[in-house]
Amino acid sequence: MATAFHDDGSVDLEGTAKIALHLVEHGHDGVVVSGTTGESPTTSTAEDGQILQAVLEAVGDRAWVVAGVGTNATAHSIELAEQAAGLGAHGLLLVTPYYNKPSQDGVLHHFRSVAQATDVPVMLYDVPSRTGTTISLETYQRASEIDSVTSVKDAVGELSRIARLVDLGYAVYSGDDANTLGVLASGGCGLVSVVGHVAGTELKSMIESFLAGDNDAALATYTRLLPAFDAVMGVANYGATTAKAALELRGVLDNRNVRGPLVPLDDDEVAALRAGLAASGLI
């Protein structure tokens, strides 16, 4: 989920809690704070704790609250994991260390060190387009032996890998809205979404239809949402920027503030986003 900011760039905890409430009231079983869409590379450790606490207080009795703790420094990720566990996070999202481009032994060392710092369940996050490193299947196999590592958010986009990860015992979630049906068909169980900021109810319906065996209904919803997928995820300046602009269009937020190096969508980009959401019947 996105993190709200005031005009001066400070974290808007009330606005962030409002986003969490909106998501839980529109189809989400849980939320992830301080992930990519939460602009975690730009928030401090103290801010991450404040964001997590605000969201736990807002929705923690109604939904799973997962704290993003992935950074490119193992010691920092351990610090974030321990803070999240102390505040009562229900799970941790742990991305592959980015920029450093560690070896697979280094990736496994990072995962093991962070996961063993607490007893909170861990979801590994594989997104090589952002990290520069893909988690190998051998590393996944070795990581599956860590008791607290339970699940994967997969944004690699190779559906054959999903079945292999499921075979290793992982609960696998799509990390790309447009790949969700393929991930489910390959044995996955759900989605960690960006488009869900404005299409949570519809995405939940799509997933439930597929899991109930109603493939026609699932495909109909998927097809309806294609313009929204393109509008939110198919542009260069996407992610937190498009999620916040979409929330502004829906009246959840009164601004679309982001932190540098991101910049807010300009008026032309907002118009294109509005058109895509309207084509999917979301506004």
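Predicted model: local features only at pLDDT ≥ 70, side-chain atom pairs only at ≥ 80, totals over all residues.

Let me turn to the salt bridges. Side chains of opposite charge can pair when their charged atoms come close. Across the whole structure, the search returns seven salt bridges.

Aspartate 105 and arginine 142 form another salt bridge, and their closest N and O atoms are 3.2 Å apart. Because aspartate 105 lies in helix H4 (residues 104-115) and arginine 142 in helix H6, this pair ties together parts that are 37 residues apart in sequence. Here aspartate 105 is exposed, at a relative accessible area of 52%, and arginine 142 is partly exposed, at 31%.

In a further salt bridge, arginine 224 meets glutamate 202 at 3.8 Å, N to O. Arginine 224 is in helix H10 (residues 215-233) and glutamate 202 in helix H9 (residues 196-211), so the pair connects parts 22 residues apart in sequence. Arginine 224 is partly exposed at 37% relative accessibility, whereas glutamate 202 is buried at 19%. There is also a network of salt bridges, which links Glu248, Arg256 and Asp267.

I move now to the aromatic rings. The structure contains two aromatic pairs. In the pair formed by tyrosine 140 and tyrosine 170, the ring centres are 5.5 Å apart and the planes lie at 70°, so the arrangement is edge-to-face. Tyrosine 140 is in helix H6 (residues 137-143), and tyrosine 170 is in the loop between helix H7 (159-167) and strand S6 (171-174); the pair therefore ties together parts that are 30 residues apart in sequence. Both of these tyrosines are buried.

A contact of another kind involves tyrosine 125: the charged end of lysine 153 sits over its ring, 4.0 Å from the ring centre.

How many cavities of 30 Å³ or more does the search find? There are two.

The largest cavity has a volume of about 70 Å³. Its lining includes Val33, Asp48, Leu52 and Leu87. H2, strand S2 (64-68) and helix H3 (74-87) each contribute at least two lining residues, and H3 provides the largest share, with four. By class, this lining has seven nonpolar residues, four polar and one charged.

The second largest cavity holds about 30 Å³. Among the residues lining it are Asp154, Glu158 and Asp176, and the lining as a whole has four nonpolar, three polar and three charged residues.

Of its 23 lining residues, Gly35, Thr36, Ser40, Pro41 and Arg130 lie nearest the centre. Strand S3 (91-95) and helix H5 (128-131) each supply at least two residues of this lining, which comprises eleven nonpolar, ten polar and two charged residues.

Thank you for your attention.

Definitions and conventions
Residues numbered from 1 in each chain as written. Heavy atoms only, no water. 1 Å grid on protein atoms, 1.4 Å probe; cavity = no way out; pocket = protein on both sides within 12 Å on 5 of 7 lines; lining within 4 Å. Nonpolar A, V, L, I, M, F, W, Y, C, P; charged D, E, K, R; others polar. Phe/Tyr/Trp six-rings, centres within 6.5 Å; stacked < 30°, edge-to-face > 60°. Buried < 20%, exposed > 50% of the residue type's maximum accessible area, 1.4 Å probe, protein only. Lys NZ or Arg CZ within 6 Å of the ring centre and 35° of its normal. Salt bridge = Lys/Arg side-chain N within 4 Å of Asp/Glu carboxyl O. Points joined across faces, edges and corners; volume = space filled by probe spheres on them.
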